[in-house]
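Please open the model in your viewer and keep the selection panel at hand.

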Amino acid sequence: MAKRDYYEILGIDKSADEKAIKSAFRKLAKQYHPDLNPDNKEAEAKFKEINEAYEVLSDPDKKAKYDQFGHAAFDQTQGFGGGGAGFNDFGDIFGDIFGDFFGGGFNGGGTRAQRTGPKAGSDLKIKLDITFEEAAFGTKKEIKINRIEKCHVCDGTGAKKGTSKKTCPTCNGAGSIKTVQRTPFGQFASTKICSTCNGTGEVVEEPCAACQGTGKEKKSRKLSINIPAGVDTGSVIPLRGEGNHGERGGPAGDLYVYINVKEHELFERDGNDVWCEIPISFAKAAMGGSIEVPTLEGKVKYEVPEGTQPGTVFRLKNKGIKNLRGAGKGDQYVRIKIDVPKKLTDKQKSILEQFAEEMGEKSDTDKKGFFGKMKDAFKD
């Protein structure tokens, strides 16, 4: 199935800037996050698709390549990464054709140096859940990973301790076997990887008992990671060299930690800003007064002005989240909600009826009643 356009996935135009791309990603990531859609395979697939699109479009270099070549820019089979297809690419094509016909190929599965030289280890990815506060202030976490390392017994050779690899008797250390076949079209020579040594030119006569001759073993490791203040869901922290170990002296891969921030019971995040909703009484809204507002740094007092209306938003400067890539902090926005009581005593009703009369309301002739109208007026 053909991949969807990354801009279409995020619902943005090609002219979208970094802020628009991030905003679109944040909105969709929250909508389709697996934690909010448990056991929903469709949402899980969409979340992965959204992450893939954001990973490319949020990186200026990758975005430029994608804008020029589309998905082919990241398809190794297309050859765009190295400046176009070369002779080896066509060699692979013809090698496959003649390999199917004559049982061999042109390039023999790569050069001997490629088959026997150092090979880099693969990268690893894990998801790390952190709290809202940990994302805001930063923290230190211990994570556990399982990775491939070289066998500690044979030091990655695959041979039993005290022994070593031997020259392959089938290919005499060449790593490949050349055959000549006569056909109606003439004589054709083909080269195949040696099936005995898999192209390495060496065989293990006495394999290591610990790794069964593979030279590798799976290990569980604990790593300490510093989470900087300001990370958000979708942030990726790379740990260089902490991925699977390489082969034959090759470098280890990297470990990529994908951050997922848990939802908070009071606060919501919008970029570096924080939002919350505070309920106050009708009396406090009408007459004004001091209220306590929770922030990430503790409670603060705020003077609500007289005549505050439902839905009014107040701003608390620098009470938001630290900018991950620079100085400064976001703000906190407080939305006022009028808390209408569900039950009133007779005395409270009497007082409110007097208030209604003072305001020109005639509660006795109003079918809905003063209290019903009040609830409607301050309903969210």
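For the helix pair, an axis is a line fitted to C-alpha atoms, for helices over the stretch in contact, and an angle between axes runs from 0 to 180 degrees between N-to-C directions. Keep in mind throughout that this is a predicted model.

Select helix α2, residues 18-32, together with helix α3, residues 41-57: their axes come within 9 Å and cross at roughly 165 degrees. Because angles over 145 degrees count as roughly antiparallel, α2 and α3 are described as roughly antiparallel to each other. The crossing of these two helices, α2 and α3, is left-handed.

Next, show the side chains where the two helices touch. On the α2 side, select Ile21, Lys22, Phe25, Leu28, Ala29 and Tyr32, which meet Ala43, Lys46, Phe47, Ile50, Asn51, Tyr54 and Leu57 of α3. Coloured by class, the residues of this contact divide into ten nonpolar, one polar and two charged.

Now move to the cysteines, where a search of the whole structure finds zero disulfides. Select Cys154, which is in no disulfide, and then Cys151, whose sulfur is the nearest cysteine sulfur to that of Cys154, at 3.7 Å. Cys154 is buried, with a relative accessible area of 6%.

Finally, select Cys171 and Cys168. What keeps the sulfur of Cys171 from a bond with the closest cysteine sulfur? The closest one, in Cys168, is 3.7 Å away, which is too far for a bond, since a disulfide requires the two sulfur atoms to lie within 2.5 Å. Cys171 is likewise buried, and its relative accessible area is 8%.

Technical notes:
Residues are numbered from 1 along each chain as its sequence is written. This is a predicted model: local features need pLDDT of at least 70, side-chain atom pairs count only at pLDDT 80 or more; totals for chains, interfaces and linings use all residues. Side-chain values use heavy atoms; hydrogens and water are left out. Buried means under 20% relative accessible area, exposed over 50%, partly exposed in between (1.4 Å probe, protein chains only). Helices (H or I, at least four residues) and strands (E, at least two) are DSSP runs, numbered from the N terminus. Angles under 35 degrees count as roughly parallel, over 145 as roughly antiparallel, 65 to 115 as roughly perpendicular and the rest as oblique. A crossing is left-handed if the near helix is turned anticlockwise from the far one by less than a right angle, and right-handed if clockwise. Contact means heavy atoms within 4.5 Å. Ala, Val, Leu, Ile, Met, Phe, Trp, Tyr, Cys and Pro count as nonpolar, Asp, Glu, Lys and Arg as charged, and the others, Gly among them, as polar.
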